[in-house]
Amino acid sequence: VYVTAFANKDLVERVKITGPYGYILKPFKDAELHTAIEIAFYKHEMEAKLLQARKLQTIGTLAGGIAHDFNNILFPVIGFASLLKKELPPESPLQEYVDGIITGSKRASELVKQILSISRQREKELVPLYVQSILREVVKLSRAVLPASIEIKEETDDHCGMIMADPTQF
């Protein structure tokens, strides 16, 4: 905040260069100075919030682009795994691996949808959902990724009702 007894051309040029959040001319009352400083702090805070919002918007745009590209990679993985599943005999021990590829790819596809929905700021889609089935999938996928030395104990209540949730976010 500039506090000055007079304004001239030099001051105007200095203000243009330094970009203060306000100025006040002398003589002034304490309340005027207090108000000018309070407004200056408010302007500074709003500029910082605007900058943060712009950064988040940029990150959202970048994440959306990456998610879109990743989705293009997932599409043939799911497609070829589905074709492989049809070609394998039903009793083949490889069926379980193919199922794992398809399940993991579909989960990744759901994650892509979540990233895209966040980057586009869309409304969440709440649907009736059984938590148990999703938890079982998570446990199954975790077992495939975690070392064999880690034991996972799964206890779910099959009689538990449905919840309303966005499956992608859940």
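This presentation walks through selected residues of one predicted model, from the start of the chain towards its end.

Residues are numbered from 1 along each chain as its sequence is written, and side-chain values use heavy atoms, with hydrogens and water left out. As the model is predicted, local features need pLDDT of at least 70 and side-chain atom pairs count only at pLDDT 80 or more, while totals for chains, interfaces and linings use all residues.

Let me begin with valine 3, which lies in strand 1, residues 2-4. Helices (H or I, at least four residues) and strands (E, at least two) are DSSP runs, numbered from the N terminus. Valine 3 is partly exposed because its relative accessibility is 38%; buried means under 20% relative accessible area, exposed over 50%, and partly exposed in between, with a 1.4 Å probe and protein chains only.

Next comes helix 1, residues 9-18. At its start, a side-chain oxygen of asparagine 8 comes within 3.1 Å of the backbone nitrogen of aspartate 10. Just after helix 1, glycine 19 has a positive phi of about 55°.

Lysine 26 and proline 27 are joined by a cis peptide bond, with omega about -10°. Proline 27 belongs to the loop between strand 2 (23-25) and helix 2 (30-87). As background, most peptide bonds are trans.

Which residues form the largest nonpolar core? They are Ala67, Leu74, Ala108, Val112 and Leu116. Helix 2 and helix 3 each supply at least two residues of this core, and helix 3 gives the most, with 3 residues. A nonpolar core is a set of buried Ala, Val, Leu, Ile, Met, Phe, Trp, Tyr and Cys residues joined through side-chain atoms within 4.5 Å. Leaving aside residues up to four places away in sequence, valine 112 touches Ala67, Phe70, Asn71 and Leu74; contact means heavy atoms within 4.5 Å.

A polar atom of its side chain lies 3.2 Å from the backbone oxygen of leucine 88. Beyond four places in sequence, glutamine 95 touches Lys85, Leu88, Pro89 and Pro90.

Finally, serine 133 sits in helix 4, residues 131-145. Serine 133 is partly exposed, since its relative accessible area is 39%. Between serine 133 and isoleucine 37 there are 58 Å in space, C-alpha to C-alpha, and the two are 96 residues apart in sequence.

Definitions and conventions:
Polar contact = N/O pair within 3.5 Å; in protein donor to acceptor, adjacent residues only side chain to side chain.
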